[in-house]
Amino acid sequence: MPEDSYLHKGLRRKLIKVLRDKGIQDEAVLQAIDRVPRHIFLDNAFLEHAYQDKAFPIGDGQTISQPYTVASQTSLLKLSPGMKVLEIGTGSGYQCCVLLEMGVTVFTIEYHKSLFEKAKKLLNSMGYKAQFFCGDGSEGLPRFGPYDRILATAGAPYVPQKLLEQLKVGGILVIPVGDQKNQKMLRLTKVSEKEITQEECGDFRFVPLVGKDGWNAQTNKL
């Protein structure tokens, strides 16, 4: 595992300034990002670019999200320490670490087995403790619900009903919804068992959410 040097820490501080300049105001989120060594999640070929504000490939057609996207989604969740959070799409594990640095309990599910195994091994080696699962994240993890917060880190064609059902009353789901090229970031709040409010929070671009209530893994169609 690459070391977390003074150089890397200095680069993270510069990244935090970039995120502030782009409008991220949640200091708890910025501090969490500052504590996570992003370069450890990237292949060696990308290490020198680890603290640029852009996404990078991690295999299986997936990416480690742009830091601005991670900061935006995390801010939208309105997290408090001790909350129970379901993350849909473990990917590299980077977003999971930022959530854990916010003091929440994380259940994270990844569709791709190779990424699931790699992320679980890496996070355990770094001392991060999450509950890892391999499976169809579009259906959530009902046996461990309900959740205070649910975060989807892949673009969905629509909001899966099963995810809303797994939210506590007062809970928040943050999910990008649209076609496979562009999505609107939605924040849905479960006001009561029968009432959901929805906010649009900007345009983003994510890899497709695959699964029963996402895109087909083979054809990338519904």
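Cysteine 134 counts as partly exposed, at 38% relative accessibility. Keep in mind that this is a predicted model.

**Cysteines**
- You'll find zero disulfides in the structure.
- A disulfide is a covalent bond between the sulfur atoms of two cysteines.
- For cysteine 134, the closest cysteine sulfur sits in cysteine 96, and at 15 Å that is too far for a bond.
- Cysteine 201 is partly exposed too, with a relative accessible area of 23%.

**The largest pocket**
- The largest pocket holds about 510 Å³ of space.
- Its lining is made up of 35 residues, and the ones nearest the centre are Thr63, Ser65, Thr153, Phe206 and Val207.
- Several elements give two or more residues to that lining: β2 (62–64), α3 (67–76), β3 (84–88), α4 (94–101) and β4 (105–110).
- By residue type, the lining of the largest pocket splits into 18 polar, 14 nonpolar and three charged.

**Threonine 105**
- Threonine 105 belongs to strand β4, one of the elements that give two or more residues to the lining of the largest pocket.
- With a relative accessible area of 40%, threonine 105 is partly exposed.
- Which residues does threonine 105 touch, leaving aside its neighbours within four places in sequence? Those in contact are Met83, Lys84 and Val85.
- Leucine 188 is 83 residues from threonine 105 in sequence, and C-alpha to C-alpha the two are 20 Å apart in space.

Conventions:
Residues are numbered from 1 along each chain as its sequence is written. This is a predicted model: local features need pLDDT of at least 70, side-chain atom pairs count only at pLDDT 80 or more; totals for chains, interfaces and linings use all residues. Side-chain values use heavy atoms; hydrogens and water are left out. On a 1 Å grid over the protein atoms alone, a cavity is a set of points where a 1.4 Å probe fits but cannot get out, and a pocket is an open set with protein on both sides within 12 Å along at least five of seven lines; lining residues have an atom within 4 Å of a point. Grid points are joined across faces, edges and corners, and a volume is the space filled by probe spheres set on the points. Helices (H or I, at least four residues) and strands (E, at least two) are DSSP runs, numbered from the N terminus. Ala, Val, Leu, Ile, Met, Phe, Trp, Tyr, Cys and Pro count as nonpolar, Asp, Glu, Lys and Arg as charged, and the others, Gly among them, as polar. A disulfide is a pair of cysteine sulfur atoms within 2.5 Å. Buried means under 20% relative accessible area, exposed over 50%, partly exposed in between (1.4 Å probe, protein chains only). Contact means heavy atoms within 4.5 Å.
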